[in-house]
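The following briefing concerns the structure displayed below.

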Amino acid sequence: MNTMRMRDTVRRALDEDLGRGDITTEALIPAGVVTRAEIISRSHGVLAGMEAASNAYKMLDPDVVVEPLVPEGGRLKPGDRLALITGDTRAVLTAERVALNFLQRLSGIASVTAKVVDAVKDLPVKIVDTRKTTPGLRMLEKYAVSVGGGFNHRFGLDDAVLIKENHLRAAGGVLKAVETVRRRVGPLVKIEVETENLDEVSQALSAGADIIMLDNMDPETMKEAVSLVGRRALVEASGNITPANVVEAAAAGVDFISLGWLTHSAPPLDLTQLLVA
């Protein structure tokens with residue numbers, strides 16, 4: 001995770017929340033009062049995002065001390081204390097929502113990722129994310145996937161070539177698309193092609209694609225596609241895969257399974273902050 005970019009994201013979140021100031025806290029709490037607070041889990045899950053949460057407090061007052069009580073990636077259960085926060089009461093209260101937003105969102109992603117990874121642990125497949133992320137939070141959300149035991153697909157359009165359905169329509173088919181791209185990118189750039197049926201899988205193989213994506217195929221068709229590829233390329237399963245059907249996809253013999261669900265549908269983990277002194 002790029003620390004500078006993470007801090008910039010936290011700073012923008014604080015600016016969005018504070019506006020012209022926290023009028024409630026400033027009206028109730030005298031300046032200079034010090035307090036202690038705890039962040040507590042109300043559910044089972046996996047912790048992710050403590051560094052972002054810590055920065056939310058420290059950006060309002062660098063003297064605030066955030067003591068993590070659970071390591072990043074640690075397993076949580078209801079009642080677990082995640083962190084102890086000591087410092088200026090105004091800063092602790094004002095940063096609370098932004099800090100919890102990051103912790104709850106990222107821990108939720110890490111938690112569902114861990115469940116999916118655990119569900120396919122006995123099969124030789126890797127769980128990867130997609131670009132279906134919250135605008136402005138991609139780096140953090142993909143970081144949370146890695147904390148949960150998953151792997152990152154492309155971070156952006158500049159990472160690798162992925163020829164999708166509309167690219168194929170614009171280029172005139174699989175063979176033309178792969179040939180055109182191969183002439184224009186460097187020899188070290190991997191080329192992945194999205195396919196919707198076995199005929200397109202055959203075309204992608206003939207064109208020399210490095211990775212073949214099986215988009216929205218049922219498990220039986222996936223198995224046929226994997227057999228057809230015969231280890232001549234890597235195979236990725238994608239499209240409407242959720243924790244409910246991920247094991248079926250994994251059993252088809254693919255190398256990767258990409259789930260947009262990890263980032264666009266993961267529920268936030270239930271966490272709270274309570275003052276203790």
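**Helix packing and selected residues**

Gly-149, whose phi is positive, near 100°, follows helix 6. This is a predicted model, in which local features need pLDDT of at least 70 and side-chain atom pairs count only at pLDDT 80 or more, while totals for chains, interfaces and linings use all residues. Residues are numbered from 1 along each chain as its sequence is written, and side-chain values use heavy atoms, with hydrogens and water left out. Helices (H or I, at least four residues) and strands (E, at least two) are DSSP runs, numbered from the N terminus.

**Helix 6 and its surroundings**

- Helix 6 spans residues 138-147, and its buried residues are Met-139, Leu-140, Glu-141, Lys-142, Ala-144 and Val-145; buried denotes under 20% relative accessible area, exposed over 50%, and partly exposed in between (1.4 Å probe, protein chains only).
- These buried residues of helix 6 pack against helix 1, helix 5 (96-119) and helix 12 (261-264).
- The axes of helix 5 and helix 6 come within 7 Å and cross at roughly 45°; axes are lines fitted to C-alpha atoms, for helices over the stretch in contact, and angles run from 0 to 180 degrees between N-to-C directions.
- Helix 5 and helix 6 are therefore oblique to each other, given that angles under 35 degrees count as roughly parallel, over 145 as roughly antiparallel, 65 to 115 as roughly perpendicular and the rest as oblique.
- The crossing of helix 5 with helix 6 is right-handed; a crossing is right-handed if the near helix is turned clockwise from the far one by less than a right angle, and left-handed if anticlockwise.
- On the helix 5 side, Phe-102, Arg-105, Leu-106, Ile-109, Ala-110 and Thr-113 meet Leu-140, Glu-141, Ala-144, Val-145 and Val-147 of helix 6, where contact means heavy atoms within 4.5 Å.
- The contact of helix 5 with helix 6 comprises eight nonpolar, one polar and two charged residues; Ala, Val, Leu, Ile, Met, Phe, Trp, Tyr, Cys and Pro count as nonpolar, Asp, Glu, Lys and Arg as charged, and the others, Gly among them, as polar.

**Helix 3 and its partners**

- Helix 3 packs against helix 5 at an angle of about 170°, with the axes 8 Å apart, and this makes the two helices roughly antiparallel.
- Met-50, Ala-52, Ala-53, Ala-56 and Tyr-57 of helix 3 meet Glu-96, Val-98, Ala-99, Phe-102 and Leu-103 of helix 5, a contact with nine nonpolar, no polar and one charged residue.
- For helix 1 (residues 3-18) and helix 3 (residues 50-60), the axes come within 9 Å and cross at roughly 60°; the two helices are therefore oblique to each other.
- Helix 1 passes helix 3 in a right-handed crossing, and the contact of helix 1 with helix 3 holds eight nonpolar, two polar and three charged residues.

**Ser-41**

- Ser-41 lies in strand 1 (residues 34-41) and counts as buried because its relative accessibility is 1%.
- The Ser-41 side chain reaches the backbone oxygen of Ser-43 at 2.6 Å.
- Beyond its neighbours within four places in sequence, Ser-41 is in contact with residues including Leu-76, Pro-78, Asp-80 and Asp-270.

**Leu-188**

- Leu-188 belongs to the loop between helix 8 (174-184) and strand 8 (191-195), and its relative accessibility of 81% makes Leu-188 exposed.
- Between Leu-188 and Ala-244 there are 36 Å in space, C-alpha to C-alpha, and the two are 56 residues apart in sequence.

How values were computed. Polar contact = N/O pair within 3.5 Å; in protein donor to acceptor, adjacent residues only side chain to side chain.
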